[in-house]
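Here is a colleague's note for someone opening this structure for the first time. Please read the points with the structure on screen.

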Amino acid sequence: MEHATVDRLLAGVTALSPGGLFMLLVGCLLIYLAVWREFEPLLLLPIGAGCLLVNLPLSPMGEKEGMLRILYEMGVGNELFPLLIFIGIGAMTDFGPLLENPRMVLVGAAGQFGIFGTLLLALALGFELNEAASIGIIGAIDGPTSIYVSNLLAPHLLGPITVVAYSYMALVPLIQPPILRALTTRKERLVRMPYSQRTLSKRTRVAFPIAVTVVVGILVPMATPLVGTLMLGNLMRESGVVERLTGVASGALANVVTLFLGLAVGSTMQADAFLRIATLKILGLGILAFALDTAAGVLFAKFLNVISGGHFNPLIGGAGISAFPMAARVVNKVGLEEDFENFLLMHAMGANTAGQIASVVAGGVLLALLGAQ
Amino acid sequence: MGELLLFGLRLTVYGMGLVFLLLALLWGLVTLLVRTDAREQEPEPEPPGRSPHGTGAGFTPALEPVVAGADELPPEMLAAVAIAMRAHIRARRRQAAPAMRAHQPGSLPSRWVGAGRTRQNRTFTPRGRFS
Amino acid sequence: MRRYTIEVGGKVHTVDVQETAADRFQVHIGGRALEVRLAAARDVAEAVISPEIAPQDPPQVPAGLRPVAPESLPPLRPAPLPALPPQGDPLEASSEVRAPMPGTVVSVEVAAGDHVEHGQPLLKLDAMKMTNTICAPRAGVVDEVHVAAGASVRTGQPLVTLVED
């Protein structure tokens with residue numbers, strides 16, 4: 001056999017590089033986290049698979065005509081996939097608890113401090129402004145928002161940011177409780193908040209998404225795509241006349257897009273782009289973003305507690321982030337640990353859905369502030 | 001570097017301010033939406049179980065009659081059945097009708113008998129009393 | 001068998017009631033015979049206790065006698081009722097364990113007659129896709145379980161009635 005033929009046959013083996021090998025391990029780690037630890041498996045498994053496929057030596061998947069490249073160009077590069085997912089999220093979310101307790105909206109606003117706090121820290125660590133902003137958006141604790149914003153501001157950081165955002169989102173039940181406990185006193189955790197159920201008319205439920213879209217859209221045009229799709233899904237759900245569309249948006253479409261999005265994001269994790277010191281910094285800043293969000297939410301809720309004369313449980317502040325519904329569940333659980341009769345779930349759900357809207361608004365505000373620069 | 005940080009700080013202040021402002025606006029909007037709802041629901045009559053003024057005869061308002069064979073009984077008929085039944089129970093109870101007894105006669109001891117039986121079953125006897 | 005003539009919303013119904021047991025009745029209404037069981041009768045609001053005064057014919061006053069008191073006395077009015085407990089405070093109610101939030105009952109862990117300790121799980125309530133355990137607020141005996149697995153409940157709806165030992 002000729003020497004050249006042997007070379008060609010063993011091209012894969014000879015093209016192995018340490019970086020590529022390391023990225024294969026990272027891909028396997030993500031798959032392991034998804035399969036055995038069940039960390040956001042719906043996203044981390046495709047991301048891990050995409051990472052594996054693109055980092056195999058001489059892999060054609062990430063080349064110009066490769067499937068992963070096509071998927072990336074199809075929906076990530078032009079921001080289509082996150083928005084389609086938002087339609088599904090809107091179709092799955094019940095804003096009832098928020099409508100019954102409108103003041104929870106403010107708690108959701110406080111839970112976005114992590115975005116800006118992390119942005120400051122990233123600037124201090126020497127990141128460029130657009131990079132720092134897209135790292136800060138991890139603090140929105142909202143996958144699609146993170147992908148949308150970071151792809152607009154710093155596409156080269158999309159891979160690490162998405163992976164970090166989704167991995168920590170799965171860790172919310174571990175990250176939040178210590179912060180919640182450290183920042184509240186036992187007396188505060190024992191505050192009971194009886195839940196009064198209001199009957200909401202269909203008109204209100206239908207008017208809510210329309211009103212939010214119009215108001216936010218006019219005031220923060222940059223947030224229109226995110227708010228608009230989220231609320232479109234919710235409008236379909238609450239109107240009750242397009243159940244087939246709601247079902248597809250929250251089921252089949254969301255699943256298909258999640259698969260495509262995961263694979264495409266995974267394909268951005270190529271060794272030369274991923275194996276940098278910046279990735280490690282993002283890993284550290286990401287967890288800080290989550291912690292800052294929780295802390296700011298709790299501190300703001302403590303402030304509300306003082307204003308209301310001790311009738312607002314500060315734990316609810318921890319639910320003012322976008323990780324739905326994990327954050328609300330964590331808050332409910334921490335409350336129940338202290339007093340098994342203290343059900344904070346519905347209030348926390350209200351704050352949590354407010355956090356979803358607020359994170360989208362914050363993403364739009366961030367884009368507007370940086371775009372205006 | 002310092003300049004950049006300062007810009008970041010300004011960004012933070014503007015950003016959080018804007019987010020809060022927008023969401024406060026949203027708060028007002030939602031409150032308005034819900035309030036129109038509440039106003040519409042106000043004239044709704046009180047549920048009957050909550051109205052303390054019953055028929056004047058002092059019937060307990062909470063009634064859950066289980067009617068067999070009442071597939072399409074109109075509600076007013078059901079109400080009539082319930083009232084009649086309650087009135088009937090009262091009337092029969094006043095007559096001390098045997099059918100209205102929940103327990104067999106004699107199945108419940110009187111308090112005196114009960115106290116005596118309890119003492120018999122008690123193992124502890126105070127010394128020097130009740131030999 | 002007794003016959004009651006009852007007016008509901010302007011419509012007159014004639015109801016014949018015959019009791020067959022303490023809580024079972026045979027009711028004839030509108031040409032139909034119904035088997036009725038009284039499943040429960042509880043006070044849920046402060047009921048007015050008014051003396052039962054049967055309307056009678058005015059007493060026959062012997063001619064020549066005149067009452068000393070004026071003919072018409074001011075009518076007796078029942079005292080104003082204490083306000084109902086606020087609806088937003090469902091956990092305060094004495095012996096009813098009420099639903100703290102809307103949801104679906106997943107399973108009921110106790111049955112009527114069971115003795116429960118403070119903090120013992122009574123039932124599991126699924127709200128916002130999260131299963132919550134509703135525990136006994138105090139020790140006692142389960143008097144009645146108002147819901148079954150699969151029932152959807154609203155905030156403040158009674159779930160279980162506890163009584164003292």
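1. A starting residue. A:Val215 counts as partly exposed because 16 other C-beta atoms lie within 10 Å, while a residue needs 20 or more to be buried and 12 or fewer to be exposed. The model is a predicted one. A:Val215 sits in helix 15 of chain A. Apart from neighbours within four places in sequence, the contacts of A:Val215 are B:Leu25, B:Leu26 and B:Leu29. A:Tyr32 is 183 residues away from A:Val215 in sequence, and the C-alpha atoms of the two are 43 Å apart in space.

2. The contact between chains A and B. How many residues does each chain bring to this contact? Chain A brings 35 residues and chain B brings 26 residues. On the side of chain A that touches chain B, at least two residues each come from helix 8 (104-110), helix 9 (113-124), helix 10 (129-136), helix 15 (202-219) and helix 21 (345-371) of chain A. Helix 15 of chain A gives the most, with 8 residues. By residue class, the side of chain A that touches chain B has 28 nonpolar, 5 polar and 2 charged residues.

3. Helix 10 of chain A. This helix is mostly covered, with 6 of its 8 residues buried. The buried residues of helix 10 of chain A are A:Glu131, A:Ala132, A:Ala133, A:Ser134, A:Ile135 and A:Gly136. A charged residue, A:Glu131, is thus listed among the buried residues of this helix.

4. Chain B. Chain B has 3 helices and 1 strand. Read from the N terminus, the elements of chain B follow the order α-β-α-α. Chain B has 131 residues, of which 19% count as buried.

5. The nonpolar cores. Which residues have the most contacts inside the largest nonpolar core? They are A:Val105, A:Val331, A:Leu345, A:Val361, B:Val19 and B:Leu23, in a core of 163 residues. Helix 21 of chain A supplies the largest share of this core, 15 residues. Leaving aside neighbours within four places in sequence, A:Val105 is in contact with A:Leu98 and A:Ala354 in chain A, and with B:Leu23, B:Leu26, B:Trp27 and B:Val30 in chain B. As a general remark, nonpolar side chains tend to be buried together in soluble globular proteins.

6. Domains of chain C. The domain assignment for chain C gives domain 1 (2-37) and domain 2 (92-163). The C-alpha centres of domain 1 and domain 2 of chain C are 34 Å apart.

7. Strand 1 (residues 2-8) and strand 2 (residues 11-19) of chain C are antiparallel and pair over 7 bridges. In this pairing C:Thr5 is the bridge partner of C:Thr14, and C:Arg3 is the bridge partner of C:Asp16. The two strands form a hairpin with 2 residues between them, and C:Gly9 in the turn has a positive phi of about 55°. Strand 2 of chain C is also joined to strand 3 (residues 24-29) of chain C by 5 bridges, again antiparallel. One of the pairs there is C:Val15 with C:Ile29 in strand 3 of chain C. The hairpin that joins strand 2 of chain C to strand 3 of chain C passes through 4 residues.

8. The four-stranded sheet of chain C. An open sheet of 4 strands in chain C has the order 9-8-6-11 and antiparallel pairing. Why is one side of strand 9 and of strand 11 of chain C left without a neighbour in the sheet? Strand 9 (130-135) and strand 11 (152-153) of chain C stand at the edges and each has a single partner strand, so one side of each is left without a neighbour. Strand 6 (residues 103-108) of chain C pairs with strand 11 of chain C in the antiparallel sense over 2 bridges. In this pair, C:Thr104 stands opposite C:Ser152 of strand 11 of chain C.

Key. Residues numbered from 1 in each chain as written. Chains lettered and ligands numbered in written order. Predicted model: local features only at pLDDT ≥ 70, side-chain atom pairs only at ≥ 80, totals over all residues. Pairing = 2+ DSSP bridges. Contact = placed C-beta atoms within 7 Å. Domains from an automatic or database assignment. Core = buried A, V, L, I, M, F, W, Y, C linked by C-beta atoms within 7 Å.
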